[in-house]
Number of protein chains: 2
Amino acid sequence: MTTHTSLGAGREFDAIRAMLDVWGPRARGIGDDAAIVAVPAGEQLVVSTDTSVDNVHFRRTWISARDIGYRATMAALSDLAAMGARPLGVLLAMVVPEADRAALVEYAAGVGDAVADAETVIVGGDISAGATLSLGLTVLGAAARPLTRGGARHGDAIWVTGALGGPGAAVAAWEQGGEPSVACRARFARPCARVAAGQLLGAAGATATVDLSDGLVADLRHIAHASGVHATIALEHLPVLAGCTLRGAALSGEEYELVFTAGDGFDAQAFTTATGLPVTRIGHIDAGAPGVTVTEHGVRVEISGGHDHFSV
Amino acid sequence: MTTHTSLGAGREFDAIRAMLDVWGPRARGIGDDAAIVAVPAGEQLVVSTDTSVDNVHFRRTWISARDIGYRATMAALSDLAAMGARPLGVLLAMVVPEADRAALVEYAAGVGDAVADAETVIVGGDISAGATLSLGLTVLGAAARPLTRGGARHGDAIWVTGALGGPGAAVAAWEQGGEPSVACRARFARPCARVAAGQLLGAAGATATVDLSDGLVADLRHIAHASGVHATIALEHLPVLAGCTLRGAALSGEEYELVFTAGDGFDAQAFTTATGLPVTRIGHIDAGAPGVTVTEHGVRVEISGGHDHFSV
């Protein structure tokens, strides 16, 4: 049963009520000063916060308000996937300009779609006026042994889930005044955080994981630095979404696939059978200085960039 | 010992490094996809998110960047105080316009001051470019039996901590082109979340609590609706900060004092001795329709308003 503490008068509370109507049973216990969440005994809380800002992470001419809500929520949930955590709930902090007030329930509907797909609930939030639209998602999860970026070892293989390049190709098409393919558009507008797969990775033998939010090369650099190891990937082995390029796959940010390292014991076929998610071996960890080397048919190539929100 | 996962290149990471330098041991374990936090066995997680937006919750001509960071953090921690929770850590989600980049470490220093004063730490966050400055604070706490707004009973007395009216008087002075008194300015720029007092309230006999963020009358209305009771307060009994008015005390928002209800067993003197915090009895709960009545020397008066961020 869903119960909400009664709210008083005021426009802020009218807005919250409208969102609660959209969410129905996907929101729980909203209305007190703070949410109360049980973390199962023997597990640790895993928590992350991620903000999607108008004209930085999306443009409203590209995707609908409902897509924006969905995408912002999945982007945040992806951090739980990368830690191997089971979602316990999300909190939504929205800053809404006056001109966007009418679309508020559409943003909320997208958040609701995403929490339903990830089998979790909305447990709290905050709404405020402001000149720039933003959606701040705080995600709460639990894991007995959270995965981190710091466990990659010399000799591990490097793996990635899914097929890459879609979000980068979609943004490039929009910025050139065109329209992306249906597949590339969907990868940007309706990304799928690999929440179930992430929870299986630890038992499957993963030693380090990161989610693909900054782009493959940049995110692999995070594993390399955190683990104190060197990573080499072969460009020609990257799984590429139809219509995208190998270099696009190496640089495309906000994919929300998982990159992980694992020893010889990792059984890719069993993992794919269990999760329905293809995984591709793209390189290996060795003992060089912390960093990432990209090769193309054995020849070292320079892949510059990686997604940095401050540069958008 | 403070440990941070190594971060890769990029302006976003340079910004995070600069903040970590400011925070020193007040930040813990930053740099993975998500933070890992232990919630003690037998306790529940209490979590809230609160966003402070430029020109909505503050103006940069009124207070310093360091004050803005402090105030945003205490505003969020106040929600833990209202639930009687012990802080476990905070996450900071900042949206920073290009023009504010130089002041980033000042905002961070204010956040650091506040977490030090509340005896907690920064466990994670997110930083993004964007057209409007905002600070989103998610606060994590733990409590064996969290307090809520919903437990007020017929016959309870209504109490409030501290002295009221300062923030409202400060904003009024600034908006009229003047300068507030030192005391009123301090109440706005450097509010003190009643975190230690909140943790004692349950054992002291409080039945319902709320923090004073929307203004006394509006917040008491939250307790009345959540508990299904009627509240009557006597205007002349409100504790008023020097230089403020009774009506100002009834309406001033963002006080971050605690309003609570308690039965006859509540010992105000013992509570003040334990917390160093004055408490004042301002009214009582009766069995009328959910709502709030304000009287002045026994005569009912209308006090309109209450703080609504959408109206600022």
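Mentor: Gladly! Two strands pair if DSSP finds at least two bridges between them; helices (H or I, at least four residues) and strands (E, at least two) are DSSP runs, numbered from the N terminus. This is a predicted model, where local features need pLDDT of at least 70, side-chain atom pairs count only at pLDDT 80 or more, and totals for chains, interfaces and linings use all residues. Residues are numbered from 1 along each chain as written, chains are lettered from A and ligands numbered from 1 in written order, and side-chain values use heavy atoms, leaving out hydrogens and water.

Trainee: Which residue is the bridge partner of Pro87(B) in E5(B)?

Mentor: Strands of a sheet pair through backbone hydrogen bonds, either parallel or antiparallel. Here, E3 (residues 86-96) and E5 (residues 134-143) of chain B pair in the antiparallel sense over 9 bridges, and Pro87(B) has Gly141(B) as its partner.

Trainee: In what order do the strands of the open sheet run?

Mentor: The order is E1(A)-E2(B)-E5(B)-E3(B)-E4(B), with mixed pairing. E1 (35-37) of chain A and E4 (122-129) of chain B each have a single partner strand, so one side of each is left without a neighbour in the sheet.

Trainee: How many salt bridges does the rule find across the interface of chain A and chain B?

Mentor: A salt bridge is a side-chain nitrogen of Lys or Arg within 4 Å of a carboxyl oxygen of Asp or Glu. The rule finds 4 across this interface. Asp32(B) forms one with Arg149(A), their closest N and O atoms being 3.6 Å apart.
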